[in-house]
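Student: I have a structure open and want to learn to read it. Can you take me through it, one feature at a time?

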Amino acid sequence: MAVDAGALAAGPPGRRARLRLSGLLWRRPWLKALGLLTPPLGAFVIVYVGALAVLFVSSFWTVNSFTAEIEHTWTLANYRQIFSSGQPYLHIAALTLEIAAAVTFTDAVLAFPLAYFMARLAGRKTRALLFVMALLPLWSSYLVRIYAWQTILSHDGAINWALNGLGLPDQNLAYTNWAMWIVFSYVWLPFMILPVYAALERIPDSYLEASADLGARGFRTFRSVILPLALPGVVAGSIFTFSLTLGDYITPLLVGGPSSQFIGNVVYDFVGINANVPFAAAFATIPMLIMGAYLLIARRLGAFEAL
Amino acid sequence: METRTTRITLAVCSTLVVLFLWIPLVLIALYAFNGSSIQGWPITSWTLHWFRVAWRDPDARSALWLSVRIALIVTGIALVLGTMAATAVARFRFFGRDAVSFLLVLPIALPGIITGMALNSFFVFAGIPVSMWTIVIGHSTFCVVIAYNNVVARLRRTSPSLIEASQDLGADGWQTFRFVLWPVLSTAVVAGGLLAFALSFDEVIVTTFTAGAQQTLPIFILDNLRQGQNLPVVNVVAFFVVALTVIPVALAQRVMRDTGVVRRGAAQVTEAVEAAEIPAV
């Protein structure tokens, strides 16, 4: 020990200082944690949390309609405007919610068979391949995937070509709520596949054998064993499909029709064209509250453990 | 356990779902070679002409260059800050630790429009003019999370005794990081970096709120799509954007797999799901 200390003391001064610092940090871990956390958290709290706070506070302000300046007086006027019956805002919020719910349901139905096949039937190689096939579309450009559907759904696009080939008449799907439903379901589908797969993969084979031994047929096993155990995965996936649809404005902009306004579109217009950030902030609290409630329910259903 | 009919039905359904996922991507890639300037199906003539046009398009070029610069800077920031935060959260127990990890995940849990609008009003409030740097700040908020997620997942599976052993053997903090911690973390950091790059490169919603007159590549695509103009050039750009986002992710998957640190099955999925949370911000 004494020799070590001597050898250390004999080292170059820079190294000695570094070792002393290491020792100090080891004895006082909070010092190290503080040093490591201050830069990321400091930046984060100032920029992001500060921004959220400004946003929330500003939802209680108003914009003077003559000067277009923000007036810093506390008022509930923005919220009153949203909930007043003569305004379109509640209708827009309802449409957003309906589509988000429809998309979540569709994705759960589409994801289940693939996730089940990956988790329980496919061999190791097929499973790895399917995993990559499900993951890669998620990462390829979101905008490009919407654009692809814009082209496919257009009047002389691939859908009508296929329908005509089957002897069916043209469908005008482009720029409708149906188009939004299809595109949203497509864009968020991988978010559902992955957690459902994870949940199904964790079901031990012995459970299914036990169910069969007790005389349950395929459907009964599915309903009473597989489905309840897969539910947390479905709920986990639905957090993404639901929240992402709720906050989107690009898809309604590109494939929606004139009456396909989402909460996001209104918010975007009020920040940009109308220059009324306080109203936009007030309207944006609606999806925030809905997501807050949704997350609480999801937690009770065990979705967080399934992530 | 499953009957033959069930198996076949499931296999057919799975194939259909995979086709549903991939056909649009293949189709849009094919349109880049469309000889006609009208976006009809089927494509009747093929050409490489639009690649040359797109390459010479000054707007597309400057948008690409801006996106690449932003993505590189954001990746750097995300890796440094994300790794620091991950080390602190994974290694130390301290007051408010759960709050910190919750706070860091907030930008991906909240809809992108909220993040975008919050940053926008913050910049207005603080009197910061929008520029390339405000876009960088916007992207950093959620790219830090992806680096953080990757590194923290790796650290949780690494034994802390490695570090103690290194220090017992007389290594200082830097040496411990360089020779013990870094070899363990490097693949997670590289994967996090690739994902952060792909994410920043592709981001639209937050960017629309934090950019002024600047056009990143996704904004270039969005503007042209909204006005329905320049579509042949957009097709070529789309082709490259898909390639440029898919390649880093495929690489990241490879890097993570080859280390053997990621166990098959549950662990891999956890990491994938953690990674998957981010892109839609």
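Predicted model: local features only at pLDDT ≥ 70, side-chain atom pairs only at ≥ 80, totals over all residues.

Student: What share of the residues in chain B is buried?

Tutor: Of the 281 residues in chain B, 48% are buried. Now look at contacts with a separation of 6 or more: in chain B, 79% of them join residues 24 or more positions apart.

Student: Now chain A. What should helix 5 of chain A span?

Tutor: Count 1.5 Å a residue; helix 5 of chain A has 33 residues (89-121), so it should span 48 Å. Its end C-alpha atoms are 47 Å apart, which agrees.

Student: Where does helix 5 of chain A bend?

Tutor: At A:Ala111, by about 30 degrees. A proline, A:Pro113, follows within four residues.

Student: How do I describe a helix pair?

Tutor: Use the angle between the axes and the distance between them. Helix 11 (residues 218-246) and helix 14 (residues 277-300) of chain A pack at about 180 degrees, with axes 11 Å apart. Angles over 145 degrees count as roughly antiparallel, so helix 11 of chain A is roughly antiparallel to helix 14 of chain A.

Student: Which residues make the contact?

Tutor: Helix 11 of chain A contributes A:Val235, A:Ile239 and A:Phe242, among others. From helix 14 of chain A come residues including A:Ile290, A:Met291 and A:Leu295. The contact residues divide into 10 nonpolar, 1 polar and no charged.

Definitions and conventions. Residues numbered from 1 in each chain as written. Chains lettered and ligands numbered in written order. Helix = DSSP H or I, 4+ residues; strand = E, 2+ residues; numbered from the N terminus. Expected span 1.5 Å × (residues − 1). Bend = angle between axes of the 7 residues up to and from the residue. Buried ≥ 20, exposed ≤ 12 C-beta atoms within 10 Å, placed from the backbone. Contact = placed C-beta atoms within 7 Å. Axes fitted to C-alpha atoms, helices over the stretch in contact; angles between N-to-C directions. Parallel < 35°, antiparallel > 145°, perpendicular 65-115°, else oblique. Nonpolar A, V, L, I, M, F, W, Y, C, P; charged D, E, K, R; others polar.
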